[in-house]
Amino acid sequence: MGFFDKFGDSLLDLASKVDDNKYLSAIKNSFTQFLPFVVIGSFASLFVNVLCSKTTGLARFLPFLANLEPGFKGINYATIGMIAVYIAFFIGLQLAKRNHTPEVVTGGLCVGAFISVVPGVVSVTFEEVTQTGAGLANTVTGAQSLFIAMIVSIVAAELFAALNKCEAIKIKMPKEVPGGIATSFNVLIPAAIVMLVIGIFGAVFQELTGSYMNEWIYDIVQAPLQAIFQTPGGIIVLIVIMQLFWFLGIHGGLVLFPIRQPLVIAALATNIALAEQGLAPTEAITDTFWISFTVFGGGGIASALLIDILLFGKNKGEREICKASIVPAIFGISEPLVFGLPIVLNPTYFIPFILGSAISTGTALLAVQIGFLAPSIISVPVGLPPIITAFIGFGVPGVVVQLIGLALCCVLYFPFVMLSNRQGMKESANG
């Protein structure tokens with residue numbers, strides 16, 4: 001027990017540090033704000049194939065629908081294709097709130113700082129002739145530049161906050177000047193210094209390494225992390241850590257959100273880009289995969305425990321809690337079960353609760369590997385009932401895989417429900 005107590009205390013301390021860390025909090029909140037754009041962009045990409053394609057869509061029968069393709073592709077590019085720009089702006093807003101600097105100015109400054117360190121030239125080859133001009137390529141504004149956008153935004157916001165405290169470099173305006181104009185002059189010199197420092201650093205970096213910062217960070221950091229995350233070992237380790245937090249009464253999903261969300265969004269963006277090129281999506285673990293197979297019915301697939309208790313449970317208290325938890329569980333909310341049963345710090349359900357999500361995820365990954373399940377190109381909103389999420393994201397095969405995962409988790413929880421029954425009978429006898 002000494003070891004588990006120390007281990008639990010370590011996790012509690014880690015969760016507290018993550019929650020208090022303003023940078024991780026800013027990243028988490030920024031991706032939460034961007035979520036509606038992910039859903040919009042992924043459905044726009046879907047409509048390209050379902051409606052506008054003359055080979056796979058309704059345009060085979062209604063040719064005029066093909067004319068809508070540029071519009072849907074434009075929507076996709078304006079949302080998912082610009083994810084790095086959005087995230088840079090949102091992180092600036094979040095850090096501005098913590099640092100008490102002008103929010104919109106800080107957000108815009110972060111975007112400007114990010115763009116200043118990435119290539120602003122686009123090359124286009126047509127009929128063996130290459131032309132070069134000013135512009136931002138998809139790889140610059142999209143998911144491949146997510147990590148450099150986050151890093152540069154944090155540096156820019158913090159440097160701006162530090163400089164903004166220095167009254168000596170501010171341009172003071174008379175009180176009669178409107179507030180908006182006065183603020184613009186106050187931040188002019190600090191903002192200019194931030195842009196100069198980061199822009200010059202980016203130019204020197206490119207000169208010394210031969211690579212732009214976004215290319216270097218992607219090759220050294222982002223691509224390896226995404227590759228590890230897409231492996232069974234990588235995702236299962238992350239899931240087990242998440243469930244350990246949950247077991248201690250800490251929302252594991254929120255603790256790991258800043259780590260997980262950039263990776264699943266980047267994977268979805270990669271799949272969408274491949275689909276638009278007529279290629280098969282390659283990234284299995286997207287946000288839709290996570291919602292459909294890792295946390296459907298709650299973390300640890302707690303809905304499986306709910307089903308087992310309602311079918312086989314003899315403990316009246318547990319059955320009443322499960323009855324009250326049915327509706328929330330349908331919409332992926334497991335807190336009434338986790339804290340009401342409780343599962344938190346309950347050694348009886350420790351093993352299945354830790355392993356349930358991992359088993360369901362492993363089953364879905366196997367289905368992808370054998371070709372039964374195709375990686376998703378659609379983002380599903382959080383809170384939809386399980387069967388619906390799987391159907392929207394993966395079609396009928398997704399529903400089948402989800403039900404198999406649920407059945408396996410029911411089998412996993414069953415002996416522990418029987419153990420709880422025996423414990424309840426002993427307590428009644430002793431009472």
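Helices (H or I, at least four residues) are DSSP runs, numbered from the N terminus. The model is predicted: local features need pLDDT of at least 70 and side-chain atom pairs count only at pLDDT 80 or more, while totals for chains, interfaces and linings use all residues. Residues are numbered from 1 along each chain as its sequence is written.

Select α3 (69-79), α6 (138-141), α10 and α12. Each supplies at least two residues of the lining of the second largest pocket. A pocket is an open set of points on a 1 Å grid over the protein atoms alone, with protein on both sides within 12 Å along at least five of seven lines; lining residues have an atom within 4 Å of a point. The volume here, the space filled by probe spheres set on the points, is about 500 Å³. Of its 22 lining residues, those closest to the centre are N138, Q144, A269, T270 and A273. α12 gives the most, with six residues.

Next, show A143, Q144, Y218, Q222, Q226, A266 and T270, which line the largest cavity. A cavity is a set of grid points where a 1.4 Å probe fits but cannot get out. Its volume is about 30 Å³. α10 (213-229) and α12 (252-276) each supply at least two lining residues, and α10 gives the most, with three.

Move to H251, R260, W290, V295 and V382, the closest to the centre of the largest pocket among its 34 lining residues. This pocket has a volume of about 700 Å³. α12 gives the most to its lining, with six residues.

Finish on α7 (residues 146-164), where 14 of 19 residues are buried, meaning under 20% relative accessible area (1.4 Å probe, protein chains only).

Definitions and conventions
Side-chain values use heavy atoms; hydrogens and water are left out. The expected span of a helix is 1.5 Å times one less than its number of residues. Buried means under 20% relative accessible area, exposed over 50%, partly exposed in between (1.4 Å probe, protein chains only).
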